[in-house]
Amino acid sequence: MEYFLIIISAIFVNNVMLAQFLGTCPFLGVSNKLSTATGMSGAVVFVITLATLVTYLINKYLLVPFGLTFLQTIAFILVIATLVQMVEIVLKKISPSLYQALGIFLPLITTNCAVLGVALSVVTKEFTFGGGAAHMLNLGESVVYAFATAIGYGMALIIFAGLREHLELNDVPKQFKGVPIALITCGILAMAFMGFSGLV
Amino acid sequence: MSKRKLDIFTKGFFKENPTFVLLLGMCPTLATTTSAINGLSMGLATLFVLVLSNIVISAIAPVVPDKVHIPVYIVVIATFVTILQFAMQAYTPDMYKTLGLFIPLIVVNCIVLGRAEAFASKNGIVDSALDGLGIGFGFTMALTVLGMVREILGSGSVFGWKFISGDGLLVFIMAPGAFIALGYLMVLFNKIAKKN
């Protein structure tokens with residue numbers, strides 16, 4: 001039940017993009033086409049889940065026992081950058097087709113603040129789901145939370161890419177063309193997602 | 001100040017405004033501008049990291065091997081972000097709590113790494129410092145304006161000074177208002193920029 005609440009909460013209620021504003025740059029950058037948005041979503045799900053797992057373990061067994069939690073920011077960003085590189089190398093070797101699909105998006109992910117944002121928030125913030133008490137997440141919950149958050153991000157990205165493909169065909173006033181109208185559309189989408197609040 | 005140095009300093013205000021023209025650093029722009037003072041603080045925090053990392057990176061760039069330059073730059077930036085975190089925890093703990101996650105996330109703010117890569121690694125120390133100051137001020141300005149608009153519409157106050165009784169249009173304080181306000185501000189900016 002707890003895991004179910006985490007998943008619903010992370011995907012719909014506190015959507016990482018539409019409610020927490022993490023990962024906006026790639027969101028605006030790659031949401032022009034549905035196919036690139038899908039590729040990016042896949043890469044994000046993969047990297048966020050893996051990065052959160054690794055940074056959680058590093059934090060728990062390395063930084064906390066030695067009193068080095070002030071190094072969290074530096075350690076995590078280095079771990080994420082290395083991880084992304086490693087994922088790229090491994091994928092190239094074992095699954096060239098998946099590498100083809102995700103390849104160009106992987107280097108972009110290091111600077112996607114959703115990755116560092118999720119990794120940092122699971123080790124620093126207390127969460128409340130449903131009526132339960134506020135608590136720090138354990139390893140299983142963290143990974144589920146990270147996975148669900150990434151799914152939420154991917155979902156927002158794909159919905160938004162679909163909307164933008166239609167926007168291209170519409171007659172938009174000249175000054176609104178491109179990013180401004182995309183932002184306003186995104187605002188309306190965020191408003192729709194606000195309807196989910198109170199669900200969990 | 002020579003003409004060239006002045007150009008480097010002022011281009012971030014308008015011509016290469018990081019928010020309205022380059023569309024960089026969107027996450028803190030949207031997330032922290034619930035009021036003018038929050039926007040201003042976030043802008044100044046980014047300015048601090050931007051100027052210092054630009055100075056250090058322009059100084060070390062000639063000796064950093066090309067293959068590892070991105071990780072090296074990220075470590076430099078992360079160091080200054082950690083210093084900023086300590087300073088804010090000590091001197092402005094309330095603001096540190098309000099801005100929360102977005103202070104450590106300056107590390108992945110594309111403006112900072114973008115300036116390091118595009119400007120500081122190729123230019124001298126003084127020019128890089130000026131570039132950091134200019135872009136930082138442009139970013140701070142954009143965040144303050146967006147924060148002001150959202151605060152006026154959302155809670156009917158400017159820098160905490162309330163001019164209506166009761167609530168404003170609450171949606172402008174929440175997530176959707178951020179996107180919509182920034183969208184319209186961008187239209188306005190495009191319109192003004194076109195005329196010049």
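1. Two residues are taken to be in contact if their C-beta atoms, placed from the backbone, lie within 7 Å. Helices (H or I, at least four residues) and strands (E, at least two) are DSSP runs, numbered from the N terminus. A residue is called buried if 20 or more other C-beta atoms lie within 10 Å of its own, exposed if 12 or fewer, and partly exposed in between, the C-beta atoms again being placed from the backbone.

2. This is a predicted model, in which local features need pLDDT of at least 70 and side-chain atom pairs count only at pLDDT 80 or more, while totals for chains, interfaces and linings use all residues. Residues are numbered from 1 along each chain as its sequence is written, and chains are lettered from A and ligands numbered from 1 in the order in which they are written.

3. Chain A has nine helices and zero strands, and its order along the sequence reads α-α-α-α-α-α-α-α-α. With a radius of gyration of 18 Å (taken over C-alpha atoms), close to the 16 Å that the globule rule (2.2 Å times the number of residues to the power 0.38) gives for 200 residues, chain A is as compact as a globular protein of that length. Its C-alpha trace spans about 60 × 45 × 30 Å along the principal axes, and 42% of the 200 residues in chain A are buried. Among contacts in chain A between residues at least 6 apart in sequence, 78% join residues at least 24 apart.

4. In helix 1 of chain A (residues 2-13), the buried residues are Ile6(A), Ser9(A), Ala10(A) and Ile11(A), and what covers them includes helix 8 of chain A.

5. Helix 7 of chain A has twelve residues and reaches 16 Å from its first C-alpha to its last, close to the 16 Å expected at 1.5 Å a residue, where the expected span is 1.5 Å times one less than the number of residues. Eleven of its twelve residues are buried, so helix 7 of chain A is largely enclosed by the rest of the structure. These buried residues pack against helix 3 (34-63), helix 4, helix 6 (106-109) and helix 8 (139-169) of chain A, together with helix 2 (26-31) of chain B.

6. The contact between the chains takes 32 residues from chain A and 31 residues from chain B. On the side of chain A that touches chain B, the elements giving two or more residues are helix 2 (24-30), helix 4 (72-94), helix 7 (113-124) and helix 9 (179-194) of chain A, and helix 9 gives the most, with eleven residues. That side divides into 24 nonpolar, eight polar and no charged residues, where Ala, Val, Leu, Ile, Met, Phe, Trp, Tyr, Cys and Pro count as nonpolar, Asp, Glu, Lys and Arg as charged, and the others, Gly among them, as polar.

7. A nonpolar core is a set of buried Ala, Val, Leu, Ile, Met, Phe, Trp, Tyr and Cys residues joined through C-beta atoms within 7 Å. Of the 112 residues in the largest such core, Val115(A), Leu116(A), Ile77(B) and Val107(B) touch the most other members. Leaving aside neighbours within four places in sequence, Leu116(A) is in contact with Phe76(A), Ile77(A), Ile80(A), Leu105(B), Val107(B) and Val108(B).

8. Two backbone angles in chain B deserve a look. Leu23(B), in the loop between helix 1 (3-10) and helix 2 of chain B, has a positive phi of about 55 degrees although it is not a glycine, and Leu23(B) is partly exposed, with 19 other C-beta atoms within 10 Å. Phe159(B), also not a glycine, has a positive phi near 50 degrees; Phe159(B) is placed in the loop between strand 1 (157-158) and strand 2 (161-162) of chain B and is exposed, with 12 other C-beta atoms within 10 Å.
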